[in-house]
Protein chains: 4
Amino acid sequence: MAESRSRYDEKLALVLRTAASIFADKGYHQASIRDLSRATGLSLSGLYYCFSSKEELLFLTPDHCFGPILENLEELLTGVDEPRERLRLLIDNHLRFFVGNMKEMKVLSHEAESLSGEYRRRVNAKKKRYTDLCMEILAALSPAESTAALRTATFSLFGMMNWIYNWYRPDRDEPVDRLADRMCRLFLEGYLAGGALEPRPRDAGGSTDESGPSIWRR
Amino acid sequence: MAESRSRYDEKLALVLRTAASIFADKGYHQASIRDLSRATGLSLSGLYYCFSSKEELLFLTPDHCFGPILENLEELLTGVDEPRERLRLLIDNHLRFFVGNMKEMKVLSHEAESLSGEYRRRVNAKKKRYTDLCMEILAALSPAESTAALRTATFSLFGMMNWIYNWYRPDRDEPVDRLADRMCRLFLEGYLAGGALEPRPRDAGGSTDESGPSIWRR
Amino acid sequence: MAESRSRYDEKLALVLRTAASIFADKGYHQASIRDLSRATGLSLSGLYYCFSSKEELLFLTPDHCFGPILENLEELLTGVDEPRERLRLLIDNHLRFFVGNMKEMKVLSHEAESLSGEYRRRVNAKKKRYTDLCMEILAALSPAESTAALRTATFSLFGMMNWIYNWYRPDRDEPVDRLADRMCRLFLEGYLAGGALEPRPRDAGGSTDESGPSIWRR
Amino acid sequence: MAESRSRYDEKLALVLRTAASIFADKGYHQASIRDLSRATGLSLSGLYYCFSSKEELLFLTPDHCFGPILENLEELLTGVDEPRERLRLLIDNHLRFFVGNMKEMKVLSHEAESLSGEYRRRVNAKKKRYTDLCMEILAALSPAESTAALRTATFSLFGMMNWIYNWYRPDRDEPVDRLADRMCRLFLEGYLAGGALEPRPRDAGGSTDESGPSIWRR
DNA sequence: AATGAATGAGGGTTCATTCAT
DNA sequence: CATGAATGAACCCTCATTCAT
């Protein structure tokens, strides 16, 4: 019994891992269930025994990833009050998971908006919880002058961290702990030094076209 | 002759503008040529008179976007030697284009890797030129201790800026010049203050598992 | 042993009853074995312990229906010689079964031709026996001038009766004994008054296009 | 221009005719678009150029049939006031179309309930108009004592006529005009003689179990 | 110059059925 | 006895693309 449960779980894990890899490589919509069938060696209908639709598969993939990130972080933060240390833990935890599961995280970043309905709601709820946690830490670090400013800072940090699936190569770049350290200091110093303060006054006569030139409609 | 040339150009411009919008909304692969046909009012075969394949269309879209960014930046930088100001100009230019053409830029970030062959080569060449320019500026700002460190800094900056299509909403967030200003100071202060220096020594016995825990294989 | 036999019979009866209901609701081909599995609470493989194929299931359903109709009728007719009364009994018996088992009878009428091979042969044999019995009664009522005329009369009667699954609603229409009575008199009077006689001469020059206008080929 | 229009129409007509035939032979749900592709020699996607879904195809098939029946009948009835003659025209028209387009009419009778939404609504509207017309004629023939009685008579007539796709074989049965004549007299005499009157009182002590024995639940 | 008509390849999904356990 | 897991075949439908006109 435990045997057969374990067998099924192993297979499910294989399917999810492979799916994440394929989704990451080709993108969710480009990836076909037939690709997954070929890559796992399972039949088409055998796959549908594990999940009920391609969309559910997309949901399962990053959802199984996101849970651990959050849980692990909340555990790490327990008993730590110093905001700088809390931020360091968040960044370290985040990058560790991203580098360790780059494919899954790319899917999470890239394809989550392809979800709909309940799936979308659940993924968004977790994302929001995570984002809120980060915002709290930043707010504790330095009094942000506005919500908009806090948003800019928060998403700048996430952008910095999440972007790594576009460039990070383990064989060529720094190991993840140095990466985390560097990003941590980069963001922290910048944020404390002024990133969170009101912007300096612009030079008089500077461009006031806020939206910038439209390329197509110029 | 000039007449018909102009007619053709008008039509091509309409097609490219509409395509960029559709690609940005639905993603390149989800968008069908039929969608484009419906949205432009042109027939399927009429469209193929303007471009030779869907992939060419994808190439044209961000290519027309990227050109202006680079050209505009190179013009702005002419005669400016001070590295801090050069960086400020790059960030400002970048964000202006991104906010002003968010849909196209999303395609550029998201779908460029769907290109193949010659198309891919040409887009990558431009990206590399742009990246190299940014690296030079950063290198001039502060002596990076290693290529890897410079890469981390450069792509942290790009991540910060490019991520905005995931969160920036003109009606809710800061106008683009304040956004640029804030990101500029955030990065600059962080980079100069230590983001570019060697990381502080880690606690002895710290984790050396560089790849972090794997979620699936734990 | 008797115990387990009885258990099996109970299960079989449940399966057949449920199957008849599902077939009637959705149609034989639309109904899936999974539907049956869900509706009975039995597992897929558990079902296949009761029958060997979906087709057998279709066979069993109307076959269990048709038996009682025939047997009951033959019993009722025993000792009754008067043709009018015999016809009345047939109609009454037929409608009672149809109204009482509308779902099953719809399957019988609708889907029996989906059977093949031996299954089909057996159902057809019973149908033929039933049809022949009706024809005999009609022939005894009035000397039909031709086989074709007798066929027309017989199948007109069956059409009249079998059609009810298309329109009869117990809560809205007459109770079944009045229905039977009305149909009986309708058919009987019509049949005796002339439905069985040679048709009156058609107007000279009348249409001789026997097949009528073809809608598609006109 | 007229040429190409005619070409497309010819093809559409071929598709509809073939579809009706296949639907009639195998049933709507059993018939696959691939069957239609094989039978017409057109490619799968070529077919979808003619219609937009299988359900639309099912709608088109009998809808194209039902229009002519109604229109033709209404034309025939113009200027004819005598109810018996009106009924005769209805029956004659109905049977002509049914015999001439037996496959399509089988689909109409058998499969119309597989339609959904707007398709279903439109087919039902036409059916109702036709049914109402028939009821009016019957009501004019003899004062029915109740709506239920009128319904019974009307649907008995339709059952008689529609059932023919189950048994009528042109090479073996009477030609359609004799068939029409016979059914007309059968129904007319029966209806006038008493089918429309109140049923005679039942023998005292007769069965009052209106729903008849349930086969499965006895 | 421009299009209506057509196509082959492939998409996600469901089905009746089997078989090791 | 009974089932969970698996399968091959087939389903309806959409796609980018072409070609005669």
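## Chain A: order of elements

From the N terminus on, chain A runs α-α-α-α-α-α-α-α-α, with nine helices and zero strands. Helices here are DSSP runs of H or I of at least four residues, strands are runs of E of at least two, and both are numbered from the N terminus. This is a predicted model, in which local features need pLDDT of at least 70 and side-chain atom pairs count only at pLDDT 80 or more, while totals for chains, interfaces and linings use all residues. Residues are numbered from 1 along each chain as its sequence is written, chains are lettered from A and ligands numbered from 1 in the order in which they are written, and side-chain values use heavy atoms, with hydrogens and water left out.

Of the 218 residues in chain A, 55% are buried. Buried means under 20% relative accessible area, exposed means over 50%, and partly exposed lies in between, for a 1.4 Å probe and protein chains only. Among contacts (heavy atoms within 4.5 Å) in chain A between residues at least 6 apart in sequence, 70% join residues at least 24 apart.

## Helix 5 in chains A and B

Helix 5 of chain A covers residues 83-100 and has 18 residues. Its first and last C-alpha are 25 Å apart, close to the 26 Å expected at 1.5 Å a residue; the expected span is 1.5 Å times one less than the number of residues. Because 15 of its 18 residues are buried, helix 5 of chain A is largely enclosed by the rest of the structure.

In chain B, the axes of helix 5 (residues 83-100) and helix 6 (residues 102-111) come within 5 Å and cross at roughly 105°. Axes are lines fitted to C-alpha atoms, for helices over the stretch in contact, and angles run from 0 to 180 degrees between N-to-C directions. The two helices of chain B are therefore roughly perpendicular to each other; that class takes angles of 65 to 115 degrees, with under 35 roughly parallel, over 145 roughly antiparallel and the rest oblique. On the helix 5 side of chain B the contact involves B:Phe97, B:Phe98, B:Val99 and B:Gly100, and they meet B:Met102, B:Met105 and B:Ser109 of helix 6. These residues divide into five nonpolar, two polar and no charged. Nonpolar covers Ala, Val, Leu, Ile, Met, Phe, Trp, Tyr, Cys and Pro; charged covers Asp, Glu, Lys and Arg; the others, Gly among them, count as polar.

Helix 2 of chain C (residues 33-40) has C:Ile33, C:Asp35, C:Leu36, C:Ser37 and C:Thr40 as its buried residues. C:Gly41 follows this helix and has a positive phi, near 80°.

Helix 7 of chain C has 25 residues and reaches 36 Å from its first C-alpha to its last, close to the 36 Å expected. Its buried residues include C:Tyr119, C:Val123, C:Tyr130, C:Cys134 and C:Leu141. C:Arg122 is also found in helix 7 (residues 117-141), but is partly exposed at 39% relative accessibility.

C:Met161 sits in helix 8 of chain C and is buried, at 0% relative accessibility. Beyond residues up to four places away in sequence, C:Met161 touches C:Leu90, C:Ile91, C:His94, C:Leu95, C:Phe98 and C:Met183. The C-alpha atoms of C:Met161 and C:Leu95 are separated by 6.7 Å, although the two are 66 residues apart along the chain.

C:Asp173 belongs to the loop between helix 8 (147-162) and helix 9 (176-195) of chain C. It is buried too, with a relative accessible area of 7%. Leaving aside neighbours within four places in sequence, C:Asp173 is in contact with C:Trp167, C:Tyr168, D:Ala148 and D:Arg151. The side chains of C:Asp173 and D:Arg151 are joined by a polar contact of 2.7 Å. A polar contact is a pair of N or O atoms within 3.5 Å; within protein, one must be able to donate a hydrogen and the other to accept it, and residues adjacent in sequence count only if both atoms are side-chain atoms.

## Chain D: two buried residues

D:Ile69 lies in helix 4 (residues 54-77) of chain D and is buried at 0% relative accessibility.

D:Leu186 is found in helix 9 (residues 176-195) of chain D and is buried, with a relative accessible area of 5%.
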